[in-house]
Amino acid sequence: MSLKVWIDGKLYDKEDAKISVYDHGLLYGDGVFEGIRVYAGRIFKREEHLTRLWDSAKTIRLAIPYTRDEVKAAMEQTIKANNFTDCYVRLVVTRGVGYLGLNPNKCPRPSMFVITDTIEMYPREMYEKGMAVITASVIRNHPNAISPRVKSLNYLNNILARIEAADAGVSEAIMLNHEGNVAECSADNIFIVRNGQVATPTTTDGILEGITRNAIIDLCSRMAIPCIEKTLQRHDLYIAEECFLTGSAAEVVPITKIDGRTIGTGAPGPITKKLSEAFHRHTREG
Ligand code: PMP
């Protein structure tokens, strides 16, 4: 059976799920999106993802043509049509069909589509043994350009960072911000541990405010693990005892090498393991 994809109120077979070449989402990257996980039949952090989607849309002055309830119903309908209990949901809102000019006012109606599918970001082995990463030369967006806090359809900086990672023979790249401080990975947030304290860049350090990131900060507080949001430099990464990345698709991935420097013992650290296990429990509890 072919996967079903929801586009503006209708379900289509994956092969027939198509949008116009005149859609400004394609022509200009004019749109926003969310990546969400479903665990045991429940959409994890649904409200947080919807809030971020609406916030992203607001900043790019895109009016989502559905209510929150309609978007929830569209997600539920698509998950059900594909008989998923555990999957990844991609929610995309584009500016819609227009003309061959930038003017978004000539796009009468934004489009939304919902894809549900399985996703595996990194090989299973990396979750157990850890992952090597590099820092990329390409930086995160300047906050006064399109803010990194907007989950927009333009991921070119991040894609270029991923190409640099691939060139270096690793799976991920850490991106710095316009000031040279640590921002995040190409599609994930980053955490370090030093002297028993967990640290992650602040929301003004050029990051997407990850929902998994926020869940980890919450878990630290519940588990009485000290955790702070602070500006980090590359040096902080190199001297960290532990490091991990977080994201909806990736979940929690230990990082054991950065730019050729071994992190801690070179194996996933105890706090990383504890938080990763707690996160997995949390995904089943809500
Ligand atoms: N940073 C970037 C650039 C991302 O695209 C993502 C989402 N894949 C994240 C961080 C992680 O965010 P979340 O935990 O909300 O998935």
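Biologist: I'm new to this one. Which residue lies over the face of tyrosine 66?

Modeller: That's arginine 109, at 5.4 Å from the ring centre. Keep in mind that this is a predicted model. There's another case to look up: the charged end of arginine 124 sits over the ring of tyrosine 127, 4.3 Å from the ring's centre.

Biologist: And rings with rings? How many aromatic pairs does the structure hold?

Modeller: It holds 5 aromatic pairs. Take phenylalanine 44 and phenylalanine 279: their ring centres are 5.7 Å apart and the planes meet at 85 degrees, so we call the pair edge-to-face. The cut-off for that label is an angle over 60 degrees.

Biologist: Where do phenylalanine 44 and phenylalanine 279 sit in the chain?

Modeller: In distant parts of it, 235 residues apart. Phenylalanine 44 is in the loop between β4 and α2, while phenylalanine 279 belongs to helix α8.

Biologist: What does α8 pack against?

Modeller: Its buried residues pack against β3, β10, β11, α6, β13 and β14. Those buried residues include Ile271, Leu275, Ala278 and Phe279. As for its span, α8 has 16 residues and reaches 23 Å from its first C-alpha to its last, close to the 22 Å expected.

Biologist: How should I read a nonpolar core?

Modeller: In soluble globular proteins, nonpolar side chains tend to be buried together. Here the largest nonpolar core has 25 residues, and Val32, Met75, Val89, Leu91, Met112 and Val114 touch the most other members. β3, α2, α3, β5 and β6 each supply at least two residues of this core. Apart from it lies another core, of 23 residues, with Val133, Ile255, Ile258 and Ile263 among them.

Biologist: Which residues is valine 114 in contact with?

Modeller: Leaving aside neighbours within four places in sequence, valine 114 is in contact with Val5, Trp6, Ala74, Met75, Thr78, Val89, Arg90 and Leu91.

Biologist: Last one: how many disulfides does a search of the whole structure find?

Modeller: A disulfide is a covalent bond between the sulfur atoms of two cysteines. The search finds 0 of them.

Notes. Residues are numbered from 1 along each chain as its sequence is written. This is a predicted model: local features need pLDDT of at least 70, side-chain atom pairs count only at pLDDT 80 or more; totals for chains, interfaces and linings use all residues. Side-chain values use heavy atoms; hydrogens and water are left out. Rings of Phe, Tyr and Trp (its six-membered ring) pair if their centres lie within 6.5 Å; planes under 30 degrees apart count as stacked, over 60 as edge-to-face and the rest as tilted. Helices (H or I, at least four residues) and strands (E, at least two) are DSSP runs, numbered from the N terminus. A charge sits over a ring if NZ of Lys or CZ of Arg is within 6 Å of the ring centre and within 35 degrees of the ring normal. The expected span of a helix is 1.5 Å times one less than its number of residues. Buried means under 20% relative accessible area, exposed over 50%, partly exposed in between (1.4 Å probe, protein chains only). Contact means heavy atoms within 4.5 Å. A nonpolar core is a set of buried Ala, Val, Leu, Ile, Met, Phe, Trp, Tyr and Cys residues joined through side-chain atoms within 4.5 Å. A disulfide is a pair of cysteine sulfur atoms within 2.5 Å.
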